[in-house]
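Trainee: I would like to go through a structure with you, one question at a time. Please show it first.

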Amino acid sequence: MTAVWPSLDGSSEYALTFDRGRAERLVVIPALFDESNKLRHFTVEVMRSLDQAGVDTFLPDLPGQNESLAPLQDQTLSSWRDEVLAAAKHFGAPLVLTIRGGALLAPQHLPGWRYAPLGGSSQLRSMLRARVLSSKEAGQQESQESLLVAGRTEGLELAGYQLGGSMIAEFEAAEPALCEGQTEIAQSDLGGPGLWLRAEPDHNQDQAEKLAAIIAEGLAA
Amino acid sequence: MANETALSDTPSDDPIAETDRILRGILCDVLGLSAEQVALFGLETGLFGHLPELDSMAVAGLLTEIEDRTGIVIEDDEVDGEMLETYGALLGFVETKRQEV
């Protein structure tokens with residue numbers, strides 16, 4: 001079902017929820033930027049599977065993401081981290097599941113799971129590479145280095161996402177860290193190749209169910 | 001595709017065959033194809049410019065995956081249309097780089 005939640009910047013944002021008022025409540029932080037569309041179907045199926053296992057889940061749009069009308073270029077990793085906490089509080093969800101680069105937004109003190117976490121510099125490098133390749137195709141020479149230097153102050157459009165300067169600078173330096181009460185789930189725990197490798201959005205129901213099962217087991221333990 | 005040579009039946013203790021196997025595995029994962037489907041790719045099978053799903057973001061992902069699984073580093077200025085145009089061209093590029101390591 002859909003819900004609305006009040007973000008810190010004053011806007012109302014959309015959330016996809018499986019909320020039956022149950023005891024186990026989990027906020028889901030989706031993959032970032034170019035990976036978000038690729039993994040959305042998978043993410044929602046993980047939530048649906050968790051619903052069947054008796055777990056409430058909440059997938060909030062953060063300002064600038066998905067259906068949000070807030071400009072992406074005004075957002076930073078820090079502002080997003082604050083928003084994640086606000087969403088978790090609003091929904092009364094003390095547990096967190098992060099998907100890929102969503103791990104960079106996870107509140108340090110909230111327990112939960114990190115599925116296939118990805119560092120900011122790695123994802124940024126891929127996005128920069130795509131930009132340099134497509135500029136080359138258009139007959140324009142750009143370099144990752146010069147793009148970054150400009151990007152850190154002026155911001156940059158990468159993979160169709162308009163990122164602000166502070167976002168680029170923070171993203172570049174961000175690495176996922178596992179704190180106490182948090183568990184990493186590797187792609188090898190699900191089997192098969194990660195869906196983020198696909199050129200186009202795709203889905204794997206077995207992987208989604210496996211991820212949900214690992215989390216459900218963890219909750220039962 | 002019927003006249004193209006498939007390399008997937010060469011001996012496996014051979015570095016070139018190993019590169020071929022790694023690269024086919026990556027293409028399975030990037031294109032969402034089965035091993036059987038990718039086994040049909042020959043040297044002349046068209047990639048970038050021929051497969052609509054291989055846009056610049058997908059190629060970036062492909063190159064990063066190649067780097068991660070083969071240990072080579074691919075500089076942006078080494079990437080051109082020719083090296084990505086066919087399976088054979090990409091295979092040749094990766095083989096050469098692996099020998100340099």
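Trainee: How many salt bridges are counted between chain B and chain A?

Mentor: Some ground rules come first: this is a predicted model, where local features need pLDDT of at least 70 and side-chain atom pairs count only at pLDDT 80 or more, while totals for chains, interfaces and linings use all residues. Residues are numbered from 1 along each chain as its sequence is written, chains are lettered from A and ligands numbered from 1 in the order in which they are written, and side-chain values use heavy atoms, with hydrogens and water left out. A salt bridge is a side-chain nitrogen of Lys or Arg within 4 Å of a carboxyl oxygen of Asp or Glu. Between chain B and chain A the count is two.

Trainee: What area is buried between chain B and chain A?

Mentor: Buried area is the accessible area (1.4 Å probe) that two parts lose on being put together, summed over both. The contact (heavy atoms within 4.5 Å) takes 21 residues from chain B and 17 residues from chain A. Carbon and sulfur atoms give 56% of the buried area, which is about 1700 Å².

Trainee: Which residues of chain B lose the most area to chain A?

Mentor: Three residues are named, and together they make up 35% of what that side buries. They are Asp29(B), Met57(B) and Asp76(B).

Trainee: Which helix gives the largest share of the side of chain B that touches chain A?

Mentor: Helix 1 (15-31) and helix 3 (56-70) of chain B each supply at least two residues of that side. The largest share is 10 residues, and it comes from helix 3 of chain B.

Trainee: Arg198(A) is in the loop between helix 6 (187-190) and helix 7 (205-220) of chain A. Which residue's backbone oxygen does its side chain reach?

Mentor: Arg198(A) is buried, with a relative accessible area of 12%. Leaving aside neighbours within four places in sequence, its contacts include Lys38(A), Cys28(B) and Val30(B). At 2.8 Å, the side chain of Arg198(A) reaches the backbone oxygen of Asp29(B).

Trainee: How many salt bridges does the structure hold over all chains, and which residues join into one network?

Mentor: The structure holds 17 salt bridges over all chains. Asp51(A) forms one with Arg20(A), the closest N and O atoms being 2.7 Å apart, and another with Arg22(A), at 2.5 Å. Arg22(A) lies in the loop between strand 2 and strand 3 of chain A and Asp51(A) in helix 1 of chain A, so this pair ties together parts that are 29 residues apart in sequence. Salt bridges that share partners join into one network Asp19(A), Arg20(A), Arg22(A), Arg25(A), Asp51(A) and Asp56(A).

Trainee: Which residues touch the most other members of the largest nonpolar core?

Mentor: A nonpolar core is a set of buried Ala, Val, Leu, Ile, Met, Phe, Trp, Tyr and Cys residues joined through side-chain atoms within 4.5 Å. The largest one has 68 residues. The members that touch the most others are Phe33(A), Trp80(A), Ile66(B) and Leu90(B).

Trainee: What is the phi of Asn66(A)?

Mentor: Most residues other than glycine have a negative phi. Asn66(A) is found in the loop between strand 4 (56-60) and helix 2 (77-91) of chain A, and it is partly exposed, with a relative accessible area of 44%. Its phi is positive, near 50°.

Methods:
Helices (H or I, at least four residues) and strands (E, at least two) are DSSP runs, numbered from the N terminus. Buried means under 20% relative accessible area, exposed over 50%, partly exposed in between (1.4 Å probe, protein chains only). A polar contact is a pair of N or O atoms within 3.5 Å; within protein, one must be able to donate a hydrogen and the other to accept it, and residues adjacent in sequence count only if both atoms are side-chain atoms.
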